Amino acid sequence: SPLAVAFTAFPSVLMRCGLWRLESFPQCGCDACHETADGEIARFSRMVDAVVEGRFYEIANRPFLGRALVRHEFHYADGIGSSGGTRYLTRAQAREMFRGRPLDPQWSAWRERTSGR
């Protein structure tokens, strides 16, 4: 899966992976949520590892009654998984997002780079 990381003025870090998943670190940032830097670093690392190791999935159904349902799943090395990010797309949004792509992309693990030496 493709992966992009950006910094915001919040301050926070955004991670985009696959075709549509966008994750924020911290998720909320309010004082009541008690998110810690160490906890968010661990969450970020687990998600990046899942993407790089080919354990990130995106699932979509075919547009029905003008809408398509999309969701994602992270499968972590310790056997625990998380899913969510469920949202509906309009038929036009789904067509644009999946133009020339399969509905359920199976992302492979990243290939290990070898030095050119």
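This note goes through the helices, the strands, the salt bridges and the nonpolar cores of a predicted model.

1. Basis of the values. The model is predicted, so that local features need pLDDT of at least 70 and side-chain atom pairs count only at pLDDT 80 or more, whereas totals for chains, interfaces and linings use all residues. Residues are numbered from 1 along each chain as its sequence is written, and side-chain values use heavy atoms, with hydrogens and water left out.

2. Helix 1, extent. Helices (DSSP runs of H or I, at least four residues) and strands (runs of E, at least two) are numbered from the N terminus. Helix 1 spans residues 37–52, 16 residues in total, and its first and last C-alpha atoms lie 22 Å apart, close to the 22 Å expected at 1.5 Å a residue, where the expected span is 1.5 Å times one less than the number of residues. After helix 1 comes Gly-54, which has a positive phi near 80°.

3. Taking buried as under 20% relative accessible area, exposed as over 50% and partly exposed as in between (1.4 Å probe, protein chains only), the buried residues of helix 1 are Glu-40, Arg-43, Met-47, Val-48, Ala-50 and Val-51. They are on the same side of helix 1 because they cover an arc of only 160° around the axis, the arc being that of the directions from the helix axis to the C-beta atoms. Asp-38 and Ile-41, on the other side of helix 1, are exposed. The cover over the buried residues of helix 1 includes strand 1 (3–8), strand 2 (12–17), strand 3 (21–25), strand 4 (56–60) and strand 5 (67–75).

4. Strands 2 and 3. These two strands pair in the antiparallel sense over 5 bridges, pairing being assigned if DSSP finds at least two bridges between two strands. Cys-17 stands opposite Arg-21 in strand 3, and in the hairpin, which has 3 residues between the strands, Gly-18 takes a positive phi near 65°.

5. With a salt bridge defined as a side-chain nitrogen of Lys or Arg within 4 Å of a carboxyl oxygen of Asp or Glu, a search of the whole structure finds 6 salt bridges. One of them joins Glu-23 to Arg-43, with the closest N and O atoms 2.9 Å apart; this pair links distant parts of the chain, Glu-23 lying in strand 3 and Arg-43 in helix 1, 20 residues apart. Glu-23 counts as buried at 5% relative accessibility, as does Arg-43 at 17%. Arg-43 also forms a salt bridge with Glu-40, the closest N and O atoms being 2.8 Å apart. Because Glu-40 and Arg-43 are 3 residues apart in helix 1, they are separated by about one helical turn, and Glu-40 is buried with a relative accessible area of 13%. Arg-21, Glu-23, Glu-40 and Arg-43 are linked in a network of salt bridges.

6. A pair to inspect. Glu-53 forms a salt bridge with Arg-55 in which the closest N and O atoms are 2.0 Å apart. Glu-53 counts as partly exposed at 43% relative accessibility, whereas Arg-55, at 17%, counts as buried.

7. Nonpolar cores. A nonpolar core is a set of buried Ala, Val, Leu, Ile, Met, Phe, Trp, Tyr and Cys residues joined through side-chain atoms within 4.5 Å. The largest has 11 residues, among them Val-13, Met-15, Cys-17, Phe-25 and Phe-74; strand 2 and helix 1 are the elements that give two or more residues to this core, and helix 1 gives the most, with 4 residues. Apart from this core lies another, of 9 residues, including Trp-20, Ala-60, Ala-94 and Met-97. With contact taken as heavy atoms within 4.5 Å, and leaving aside neighbours within four places in sequence, Phe-25 is in contact with Ser-12, Val-13, Met-15, Glu-40, Arg-43, Phe-44 and Met-47.

8. Helix 2. In helix 2 (residues 91–98), Ala-94, Met-97 and Phe-98 are buried, and they are on the same side of helix 2 because they cover an arc of only 80° around the axis. On the other side of helix 2, Ala-92, Arg-95 and Glu-96 are exposed. The buried residues of helix 2 pack against strand 4, strand 5 and strand 6 (81–90), and helix 2 is followed by Gly-100, whose phi is positive, near 75°.
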